[in-house]
Amino acid sequence: MALPPDARRPGADVLADPAGYFEDLERVAAGSTALPALRCLLVTAALRDDDTGRHTVRVGYMAELIGRRLGLDEDTCLRLRASAPLHDIGKLAIPDAILNKPGPLDAAEMAVMRRHAEFGERILASTGEPLFRMAADIAGAHHEHYDGSGYPRGLRRDAIPLAARITAVCDFYDALRMDRVYRKALPDATVLGWMQEQRGRAFDPQVLDAFSDCCGELAEAHDWLEEQAARLFTMLRAQAAGQSPPV
């Protein structure tokens with residue numbers, strides 16, 4: 001996919017402030033019942049696991065940026081922002097003992113963990129809403145690999161939805177750049193090196209090139225993205241509690 005000559009380079013200026021997170025989506029999904037449902041799912045994530053919740057929102061912002069770098073249209077980029085954060089929604093069906101295990105999973109536990117992709121797709125596809133169709137595609141295919149070695153279906157190349165290929169890159173990068181219960185965040189150079197090793201294997205080369213082209217901006221914007229995600233979740237938690245969100 002060749003980039004159009006006027007494609008905007010990604011940067012913090014093209015992203016929505018959390019206070020307006022849902023306003024842009026109203027334009028692309030006017031009248032959709034998916035928007036209240038999306039808000040409920042994000043509140044659930046915010047109340048269940050704040051660190052993971054902020055990770056998912058950062059992934060949404062990053063997916064939007066990469067979509068813009070690929071020259072995708074405005075509505076698609078906004079749908080990416082809304083849909084990518086739901087990539088791990090299927091983990092709601094995974095036992096906490098596995099999710100929060102402070103060490104490597106054994107084979108049986110890994111088999112259970114891998115079902116989150118299937119669970120997430122089923123949860124989101126059950127609504128029949130167009131906005132959640134992209135989210136269902138992402139949830140079900142963000143662990144597929146470009147060379148066909150991923151799960152749950154072993155899809156390869158263009159059989160993997162583009163939104164899932166974009167989210168896979170964002171999820172990998174951001175997940176390894178954050179602290180987890182079983183390890184500390186890894187250095188940026190280490191993560192980027194691993195990603196390049198997976199070019200054409202786990203990751204779509206074209207999507208990885210778009211990511212690499214804007215990874216400097218993403219690295220610079222990381223703290224800003226974390227602040228935005230934290231503010232959004234603070235706002236959602238306050239609203240869920242019937243309080244006025246802090247300014």
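How are H7 and H8 oriented to each other?

Tutor: The model is predicted, so a threshold applies: local features require pLDDT of at least 70, side-chain atom pairs count only at pLDDT 80 or more, and totals for chains, interfaces and linings use all residues. Residues are numbered from 1 along each chain as its sequence is written, and side-chain values use heavy atoms, with hydrogens and water left out.

Helices are DSSP runs of H or I with at least four residues, numbered from the N terminus. Axes are lines fitted to C-alpha atoms over the stretch in contact, and angles run from 0 to 180 degrees between N-to-C directions. Under 35 degrees counts as roughly parallel, over 145 as roughly antiparallel, 65 to 115 as roughly perpendicular, and the rest as oblique. A crossing is right-handed if the near helix is turned clockwise from the far one by less than a right angle, and left-handed if anticlockwise. Contact means heavy atoms within 4.5 Å. Ala, Val, Leu, Ile, Met, Phe, Trp, Tyr, Cys and Pro count as nonpolar, Asp, Glu, Lys and Arg as charged, and the others, Gly among them, as polar.

Helix H7 spans residues 130-141, and its axis lies 8 Å from that of H8, at an angle of about 55 degrees. The two helices are therefore oblique to each other, and H7 passes H8 in a right-handed crossing. On the H7 side, Met134, Asp137, Ile138 and Ala141 make the contact, while H8 supplies Ala163, Ala164 and Thr167. By class, this contact has five nonpolar residues, one polar and one charged.

The loop between H7 and H8 contains Pro152, which is joined to Tyr151 by a cis peptide bond with omega of about 10 degrees. Arg157 lies in the loop between these helices as well; although not a glycine, Arg157 has a positive phi of about 50 degrees.

H7 also packs against helix H4 (residues 74-83): their axes come within 9 Å and cross at roughly 65 degrees. This crossing, too, is right-handed. Thr76, Arg79, Leu80 and Ser83 of H4 meet Pro130, Leu131, Met134, Ala135 and Ile138 of H7. Six nonpolar, two polar and one charged residues make up that contact.

H8, in turn, packs with helix H9 (residues 188-197) at about 150 degrees, the axes being 9 Å apart. H8 and H9 are therefore roughly antiparallel to each other, and H8 passes H9 in a right-handed crossing. Val169, Phe172, Tyr173 and Leu176 of H8 touch Asp188, Val191, Leu192, Trp194 and Met195 of H9. Here eight residues are nonpolar, none is polar and one is charged.
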